[in-house]
Amino acid sequence: MVNHYVHRVTGTAHVLSQLFLAGPLLLFRVNTLIASMLPDNSRLESKLADTLAVLRAANKWQAITDYPNRQTDILQLARMGLIDYSAGKSIPRVKADRCGETLTI
């Protein structure tokens, strides 16, 4: 009889622990994802398309400091997975393939 009641308490404790411990963590994760979303803006889309075209025309690894006015655009393209981004050294480097994906926001 004791074993029967222990399983009930364990199941309830598991549900409550998931609710009170994992719930706030999921809310933090949702907040982070919402904060990292790109705005839906046609001007931003054309800016990113121009930056992607410039990087594809070079077709080589370049330092991000080569484009001082486009650093945020490059980081957004890297976040979208459209360019290769390497932060292994002191200066981050980027490369866009010529036959990569098209830009759709």
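Leu 16, Leu 19, Phe 20 and Leu 21 form a nonpolar surface patch of about 450 Å². Such a patch gathers residues with over 30% relative accessible area and no salt bridge, nonpolar side chains (Val, Leu, Ile, Met, Phe, Trp, Tyr) being joined within 5 Å; a salt bridge puts a side-chain nitrogen of Lys or Arg within 4 Å of a carboxyl oxygen of Asp or Glu. The model is predicted, with local features needing pLDDT of at least 70 and side-chain atom pairs pLDDT 80 or more, while totals for chains, interfaces and linings use all residues. Residues are numbered from 1 along each chain as its sequence is written, and side-chain values use heavy atoms, without hydrogens and water.

Leaving aside residues up to four places away in sequence, Ala 63 touches Ile 91, Pro 92 and Arg 93, contact meaning heavy atoms within 4.5 Å. Tyr 85, 22 residues from Ala 63 in sequence, has its C-alpha 9.9 Å from that of Ala 63.

Overall, the elements follow the order α-α-β-α-β-β from the N terminus, as DSSP runs of at least four residues for helices (H or I) and at least two for strands (E). Of the 105 residues, 18% count as buried. The protein exposes about 8000 Å², 59% of it supplied by carbon and sulfur atoms (Shrake-Rupley method, 1.4 Å probe).

Key:
Buried < 20%, exposed > 50% of the residue type's maximum accessible area, 1.4 Å probe, protein only. Patch = residues over 30% accessible without salt bridge, like charges linked within 9 Å, V, L, I, M, F, W, Y side chains within 5 Å.
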